[in-house]
Each structure stands twice: as structure tokens, then as C-alpha cells.
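Let's read this one together, one feature at a time. Have a look at the chain first, and then we'll talk.

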Amino acid sequence: DQIFPWLLSLPDCPRILFVGCDWYTKDYPAIFASREFCTIEIDPAKARFGSARHAVDSLENLSKHFAAEYFDVIVHTGVFGWGINSREMTEQTFEQCHRCLKPGGLLVFGWDDVPQYRSFPVIEECQALKRFVPIEFPPMGKHQVLTADNELRHTFNFYCKRDR
């Protein structure tokens, strides 16, 4: 409710990647119709919930589908612990995000802060994630936002890719 309006309010973010698709993402292309909205999802059956510019692949292979420094925003949510499970896979996904995000670009990382979906302390220990600078999410005034204190504890962390 707050992240999408904030992203749409940013004037210098014409290219957005959303990672992971399912029934609940089917309206996202319309929401981001004023932007170049791209999606990536490993399951070909879920491609119908993605954008017109959709890649059927793992986030680990993002640079096979999009050029370096292509995106202004990458929304990486709902895949850590739900397919991207190992430390090695996680490091690779954030390396790919770093490669395909423009300097100064935004990374929105959503994850479930519960042991069964958190194979390691990703925020504290992921080396590739440390290449990004934590930033404050203006509507909440925090870098890390817990969206619901329920059985999944879905949390968002906000980052910026360092300028050169």
C-alpha cells in the first residue's frame, strides 16, 4: 500500500524489475503502466502473471536477459526462502541485482523473517547485499519495515546501489 505509490512518485525511475510472479501480481503491469515494468519468474506456468517483458528464469541468471545497469528499481520479494534458499544462491541473486541496477538505483528486498524461510541471517551475513547502502523508506522513516507481525513476519529492507 505504501511501496508502490512511493516508487511511482519517483521521477527518475522509469525501469522497474519485479522478481517473482503469481496470481497476486497479475495487476502489477497495469499499476506500473507508466513505467517500463519487467518481471522474472522461474516457473513458466506463472509467466501469465508477469509483464509483457517477462523472463522465464531464475534471478541468478538476470544478466542473461537484461543489460548491465539497466534498471532503476529492482523489487526482490517473496523468493528468498521460497526457491532462493542457499547462501550461494542468495549471494548470486544479489550480485545479479547489483550488476543490472544503475548506480544510485533502488533495491527493495522483501523476505520472511522466520527460521523456516531464512536459511541464514541474510541482512547481517550476505556479502553481496553489503555492496548496497541501506536507505530510509520515506513513508515509514526506517530502513527496515515489518509489514505484518504474523506467522511469516514479511519484512522489507531498502537499499541504494552506490554511485561510482
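**Reading salt bridges and burial**

A: Here's a starting point in this predicted model: Arg15 and Glu36 form a salt bridge, with their closest N and O atoms 3.2 Å apart. Arg15 sits in strand β1 and Glu36 in strand β2, 21 residues apart, so the pair links distant parts of the chain.

Q: How many salt bridges are there by this rule?
A: The count comes to 9.

Q: Which parts of the chain does the salt bridge between Asp72 and Lys102 tie together?
A: Their side chains meet at 3.4 Å, N to O. Asp72 belongs to strand β4 and Lys102 to strand β5, so the bridge ties together parts 30 residues apart in sequence.

Q: Is Asp72 buried or exposed?
A: Buried means under 20% relative accessible area. Asp72 has 7%, so it's buried, while Lys102, at 27%, counts as partly exposed.

Q: And why does His76 count as buried?
A: Because its relative accessibility is 0%. His76 lies in strand β4, and among the residues it touches are Val19, Leu59, Phe94 and Phe109.

Q: What lines the largest pocket?
A: There are 41 lining residues, with Phe18, Tyr24, Thr77, Gly78 and His154 lying nearest the centre. Helix α1 gives the most to this lining, with 3 residues.

Definitions and conventions. Residues numbered from 1 in each chain as written. Predicted model: local features only at pLDDT ≥ 70, side-chain atom pairs only at ≥ 80, totals over all residues. Heavy atoms only, no water. Helix = DSSP H or I, 4+ residues; strand = E, 2+ residues; numbered from the N terminus. Buried < 20%, exposed > 50% of the residue type's maximum accessible area, 1.4 Å probe, protein only. Contact = heavy atoms within 4.5 Å. 1 Å grid on protein atoms, 1.4 Å probe; cavity = no way out; pocket = protein on both sides within 12 Å on 5 of 7 lines; lining within 4 Å. Salt bridge = Lys/Arg side-chain N within 4 Å of Asp/Glu carboxyl O. Lists of a residue's contacts leave out its neighbours within four places in sequence.
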